[in-house]
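Take a look at the model below. We will go through the whole chain and then turn to one end of it.

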Amino acid sequence: MSLGRATILDEMQGEKCFIYNHEGLTLLGQGTFSYVRPTVPSMMQGLPVPIHSFKDETYLMKIKQITNELTDALYTVKVLCKYDDKFFALELKDIPWTNKAGNLETKISTELILLTEIDEEDYSKISNDRYEFNWSELIVPDDCSGGKQSDAFEDLINILILQAQTENFSRIGVGVDRARDGQFEINMTSWLPKTNVSTKWILQCKYSVNKNTSLTIEEIYTEMIKVLMHQPDYYLVVTNRKITSDFLDWFNSDLMQGTNYFIPFKKVLIQREEIEAMLSTPGNLPLKKKYFG
């Protein structure tokens with residue numbers, strides 16, 4: 001890889017990627033792409049290292065925040081980026097991937113990294129492959145509960161949640177929501193027929209016009225503390241914002257042991273990619289059209 005190609009690859013860190021079957025024909029899901037470049041040998045550390053020194057080295061490719069559950073298998077993965085007014089595509093074709101705690105990983109040699117320049121038409125075609133949504137232009141329908149896009153986002157999420165087997169659903173109106181946009185119950189008999197127990201859920205929606213705005217630890221932790229008064233079993237955060245690795249690691253950690261507050265409830269995060277996957281199912285296409293045109 002030339003220095004220019006290495007720069008383009010760096011630009012793809014954190015970009016959305018598209019996961020297809022091994023033939024590259026069926027879109028199975030999407031996720032967030034990252035990679036780890038080969039380690040500089042210790043005797044060369046601190047010295048300029050020509051990029052060709054890595055020509056026989058192995059790169060670690062990772063895909064996180066995957067919309068659908070995928071197993072160990074052969075997949076074709078495509079990653080796009082725009083750099084210096086040009087469009088580029090990375091294709092990892094028919095590569096074996098390993099599922100590690102819900103993420104996909106693979107190690108490949110440099111010669112298998114197919115990085116090419118493409119035209120804007122091909123870029124748009126891949127980007128719009130079933131999962132592309134323009135969140136900055138989220139439609140506020142006439143029957144929206146409020147006049148803002150954040151209100152439309154909450155309406156949309158409430159509709160999706162009501163599709164599940166929920167009970168006693170209530171929407172928290174405009175005003176002091178005490179860290180909740182809604183609350184509902186799920187009776188465990190819908191999953192476990194012999195268990196007649198309801199679980200209490202608190203819903204928190206987080207919308208941003210700019211999908212690259214990150215959800216912060218401080219913001220959600222403050223909300224969690226307020227939620228303690230409601231004594232939920234589950235705290236559900238649904239967002240279209242960007243999720244960083246640091247936030248995800250923190251959210252999935254044991255907050256009962258690692259914080260100043262006792263957080264007894266379980267935490268569930270639904271990210272932008274998962275919302276888009278739900279809206280891309282045949283039954284939700286009218287809902288997608290209503291909010292995205």
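A contact means heavy atoms within 4.5 Å. Helices (H or I, at least four residues) and strands (E, at least two) are DSSP runs, numbered from the N terminus. This is a predicted model: local features need pLDDT of at least 70, side-chain atom pairs count only at pLDDT 80 or more, and totals for chains, interfaces and linings use all residues. Residues are numbered from 1 along each chain as its sequence is written, and side-chain values use heavy atoms, leaving out hydrogens and water.

Start with the chain. It has 8 helices and 12 strands. Of its 293 residues, 43% are buried. Buried means under 20% relative accessible area, exposed over 50%, and partly exposed in between (1.4 Å probe, protein chains only). Among contacts with a separation of 6 or more, 65% join residues 24 or more positions apart.

Now find helix α8, residues 285-292. Its buried residues are Leu 287, Tyr 291 and Phe 292. They line one face of the helix, because they fall within an arc of 105 degrees seen down the axis of α8. That arc is taken from the directions from the helix axis to the C-beta atoms. What do the buried residues of α8 pack against? They pack against α3 (149-162) and α7 (272-279). On the other side of α8, Pro 286 and Lys 289 are exposed. Just after α8 comes Gly 293, with a positive phi of about 80 degrees.

Last, go to the loop between α2 (120-127) and α3, where Asp 142 sits. Asp 142 counts as exposed because its relative accessibility is 84%. Asp 142 and Ala 152 lie 10 residues apart in sequence. In space, their C-alpha atoms are 10.0 Å apart.
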